[in-house]
Amino acid sequence: MSTGAKATIAYETSWKIDDVLGLADLVHDERDLAATLASGSFQTEGMVVAPCSVRTMASIANSLNDNLIVRAADVHLKERRRLVLMVRETPLHAGHLRLMRELALTGAVILPPVPGFYHLPKTMDDLIDHSVGKALDQLGIEHQLFKRWAGVPRDE
């Protein structure tokens, strides 16, 4: 978890940072470039950066590897593993879109947390679950977070 993510959690949610960190089986400091995740020999099924700031996206696009998040993302790209970036900033200018294009060409999945409405969400949690579910789909993780599109109902 980045310093920015900690600030976002504190500002945008009622969660305590320690409670969020407590959900993880293992936590690394973002400055620890010697962590297991920094090596291609450490096996993963994929990685999701959520939320992904434009700064982090730019660092990944340019292989800056100045923190563990960016280094681990770079490893996923070089090892041809699934990397999902949930870029959440808007509006986007041509520079942002150029970086997204380059990342997509490199193998990243750009998945802004933009919920669908076909499942008729009733709560904020429904909207969040849709975006989380779409990210889980990219990693092949089964879930029941939202009702999948089944086509337009037909009167018979």
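Biologist: How far apart are the end C-alpha atoms of helix α6, residues 124-138?

Modeller: Please keep in mind that this is a predicted model. Helix α6 has 15 residues, and at 1.5 Å a residue they should span 21 Å.

Biologist: Which strands do the buried residues of α6 pack against?

Modeller: Let's begin with the residues themselves. The buried residues of α6 are H130, S131, G133 and A135. They pack against β1 and β2.

Biologist: What lies at the start of α6, and which residue's backbone nitrogen does T123 reach?

Modeller: The contact here starts from a side-chain oxygen of T123. Within 3.3 Å of that oxygen, at the start of α6, is the backbone nitrogen of D125.

Biologist: Which element gives the most to the largest nonpolar core?

Modeller: This core has 17 residues, and M57, I60, L83, L85, V87 and L103 touch the most other members. Two or more residues each come from β1 (47-52), α3 (54-61), α4 (68-78), β2 (83-87) and α5 (94-106). With four residues, the element that gives the most is α4.

Biologist: How many residues make up the second, separate core?

Modeller: Its members include M86, V109, L111 and A135. A135 is also one of the buried residues of α6. The size of this second core is five residues.

Note on methods
Residues are numbered from 1 along each chain as its sequence is written. This is a predicted model: local features need pLDDT of at least 70, side-chain atom pairs count only at pLDDT 80 or more; totals for chains, interfaces and linings use all residues. Side-chain values use heavy atoms; hydrogens and water are left out. A nonpolar core is a set of buried Ala, Val, Leu, Ile, Met, Phe, Trp, Tyr and Cys residues joined through side-chain atoms within 4.5 Å. Buried means under 20% relative accessible area, exposed over 50%, partly exposed in between (1.4 Å probe, protein chains only). The expected span of a helix is 1.5 Å times one less than its number of residues. Contact means heavy atoms within 4.5 Å. A polar contact is a pair of N or O atoms within 3.5 Å; within protein, one must be able to donate a hydrogen and the other to accept it, and residues adjacent in sequence count only if both atoms are side-chain atoms.
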